Every structure is written in structure tokens, then in C-alpha cells.
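These are my notebook entries on a structure that I had not examined before. I set down what I looked up, in the order in which I looked.

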Amino acid sequence: MDFSELDRDNTGRCRLSSPVPAVCRQEPCVLGVDEAGRGPVLGPMVYAICYCPLSRLGDLEALKVADSKTLSESERDRLFVKMEKDRDFVGWALDVLSPNLISTSMLGRVKYNLNSLSHDTATGLVQYALDQGVKVAQVFVDTVGLPETYQERLQQRFPGIEVTVKAKADALYPVVSAASICAKVARDQAVKSWHFVEKLQDLDADYGSGYPNDPKTKAWLRKHVEPVFGFPQFVRFSWRTAQSILEKEAEGVIWEDSLTGDQEGPGRIMSYFSKGPRTHPRLPHRYFQERGLESATIL
């Protein structure tokens, strides 16, 4: 996989894909969807699709693909190489979602939770395959949230395609297993080759599994938190584990619109038009105070 685009900018999202086999534009195809890295506090989340003609599904099964979680890293790498060699009938595509994108989405003024981000990413990849000319006839998806709700949503979005959403689909359907291998191989490679834009002293890659309950991961987070600027962009700062460390180790922040001790609160809007004397005189906006500006009484 060529991660040069991700190396240039790992603050957003990056899409990678294989060439579309000619047969996949000619025959009805089955497509699987799965992800890797949903839970870790470190690194990106990767969504992947894998597809092949229905007539060649037996050949895909013959590769002995399996749920990526049941395979060692070397086994996943070996199977991915096999799929790459079978480009005449197997295709894949994936989206790499950076930690920065995940966190800013979840903590934005308009909340965009991880389930919604996952659903939209999976939908976008299926649409991408269709846009590339793949004749998708069946889609199998490893669920996020309630499978019935997710399936209904996808079925409405793609009415001409037979959609099946199930829990543990990566263990039930070989084409989803193949997608899970693509996603996991891509995430592992992205994490290993992550380009830190921050100038970190004593940077080490010994951060354990990256999952929030891993003591080694927590120790890495505590080591690399910066009191003012927080974590490097490799960290999902929206995760509770990261937030707890920030609360303990980082400096507090007073925002520009925070009230100072001698300022009034907002009060009721009608109080600004009352005729009676003010108990607490209303101070000018801080813009005028900081610049020493006063109201002009004589023009």
C-alpha cells in the first residue's frame, strides 16, 4: 500500500484503492465492509471494502481468509499479498480516518459521533465502488450499532443491492473477512509509519496496543502530553482516557469569552433597557477596555 498521501497530510482522511478488475465491471459482484481501529486511543481508524465476482467467491474462500482478529500480523500480511496477486478478480478500497478527524468530529459544535462517522464512511466506500463501475449485487457488512437499523439505512440508500448487516460478519462471510484483513493491514502500516509533525523529544514507539485500558498506552500518553499544546495528533484527544490525563497534567485554559471576576453575568436582556439606576454599572466590552477607548459624549 502506498501511504505517501497520508504522509503528506495525516490530519484528515485518505483513500487508497486497488485497480478495479475488468471482470468486476462485467459480472455481478459481492462486496464486504469492515473496519480496524475503532476502539484505540492512538492512531487512525481504517474502513475497508473488498469485492469479487459472485462466480469467483469460491476462489476467494480458497485463500483461507478469516477474521483479522484471529490471525497474527504475519498471517494477515501473507493473505493480503495473496489478494494482491489475485488482482484479476479481487479488488479493494479503504478510507484512513485520522485521529484528528475523529476527535474534531466528535467534539465539534455540531456533534458527529463515531457511529455516524462509521456509517457514512462505509456508505461512501460502497458508493465509491459503484462509481468505479463495479457491478455490486450483494453487500455484507460487519455491524456498528443495531444491525437492523443499519441494514435498513443501507438498503434505502442502495435499493438495487441485496444488503446484509450482521454482528461478527467478519467471521461469517469470507468477503467481509477479506475486508477486515485489508483494514487491519492498512492500519498496522499507518501506525508503524506515522509521521509526527510535532517535534517531540525522546519520542518512542513503545505505546503498547493503543487501547485505553493498556497500562503501557497510558504511560506513553502521560509521557507525551504537553502542558500547553496537549497531545500530538497521533492521539484521539476526544477519548476519555486522553481527556483525564489532560485534566491532570495540562494547564487550565481561560477562553476569550470567559467572565472575569468583576464583570456582570449576561442577565436578562430587558435589564439593559430599564430606567432605574444600575446596582452594578455595565462595563464596556473588553475590546474597548483593552484599547483604552471611551464613549464620545461630544462630537
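I began with terms: helices (H or I, at least four residues) and strands (E, at least two) are DSSP runs, numbered from the N terminus. I note that this is a predicted model, in which local features need pLDDT of at least 70 and side-chain atom pairs count only at pLDDT 80 or more, while totals for chains, interfaces and linings use all residues. Residues are numbered from 1 along each chain as its sequence is written, and side-chain values use heavy atoms, with hydrogens and water left out.

**Entry 1. Overall account**

I found eleven helices and six strands in the protein. I took buried to mean under 20% relative accessible area, exposed over 50%, and partly exposed in between (1.4 Å probe, protein chains only). Of the 299 residues in the protein, 41% are buried. The accessible surface, computed by the Shrake-Rupley method with a 1.4 Å probe and with only the protein chains shown counting as cover for residues, comes to about 16,900 Å². Carbon and sulfur atoms hold 53% of that surface.

I counted a contact where heavy atoms lie within 4.5 Å. Among contacts with a separation of 6 or more, 71% join residues 24 or more positions apart.

**Entry 2. The loop between helix 2 and helix 3**

I looked up Lys64 and found it in the loop between helix 2 and helix 3. Lys64 is exposed, because its relative accessible area is 64%. Its phi is near 65°, a positive value in a residue other than glycine. For background, most residues other than glycine have a negative phi.

Asp67 lies in the loop between helix 2 (57-62) and helix 3 (73-85) as well. Is Asp67 buried or exposed? With a relative accessible area of 10%, Asp67 is buried. Leaving aside neighbours within four places in sequence, I recorded contacts of Asp67 with Asp170, Ala171, Ser177 and Ser180.

**Entry 3. Annotated positions**

I consulted the UniProt record, an unreviewed entry, whose annotation "binding site" covers Asp34, Glu35 and Asp142. These positions are spread over 109 residues of sequence, yet they cluster in space, with a largest C-alpha distance of 8.2 Å. UniProt positions are given in the numbering used here, feature names are shortened, and annotations may be inferred rather than shown by experiment.

Glu35 belongs to strand 2 (residues 29-36). Beyond neighbours within four places in sequence, Glu35 is in contact with Met45, Val46, Tyr47 and Ala183. A polar atom of the Glu35 side chain lies 3.4 Å from the backbone nitrogen of Arg38.

Asp142 belongs to strand 5 (residues 136-142). Asp142 counts as buried because its relative accessibility is 13%. Setting aside neighbours within four places in sequence, I listed the contacts of Asp142, among them Val33, Asp34, Lys168 and Asp170.

Why is strand 5 largely enclosed by the rest of the structure? Five of its seven residues are buried, so the strand is largely enclosed.

I treated two strands as paired if DSSP finds at least two bridges between them. Strand 2 and strand 5 run parallel and are joined by five bridges; Cys29 has Val136 as its bridge partner in strand 5. Strand 5 and strand 6 (residues 162-166) also run parallel, joined by five bridges, and Phe140 has Thr164 as its bridge partner in strand 6. From strand 5 the chain passes through helix 6 (residues 147-157) to strand 6 in a right-handed β-α-β crossover. Right-handed here means that, with the strands pointing away from the viewer, the path from the first strand over the helix to the second runs clockwise.

**Entry 4. Three further residues**

I placed Tyr47 in strand 3 (residues 45-53). Tyr47 is buried, with a relative accessible area of 1%. Tyr47 and Asp95 are 48 residues apart in sequence and 5.2 Å apart in space, C-alpha to C-alpha. Residues touched by Tyr47, not counting those up to four places away in sequence, include Asp34, Glu35, Asp95 and Val144.

Gly133 sits in the loop between helix 5 (114-131) and strand 5. With a relative accessible area of 29%, Gly133 is partly exposed. Its C-alpha atom is separated by 8.2 Å from that of Val20, 113 residues away along the chain.

Lys168 occupies the loop between strand 6 and helix 7 (169-172). Lys168 is exposed at 60% relative accessible area, and its phi is positive, about 60°, although it is not a glycine.

Definitions and conventions
Polar contact = N/O pair within 3.5 Å; in protein donor to acceptor, adjacent residues only side chain to side chain.
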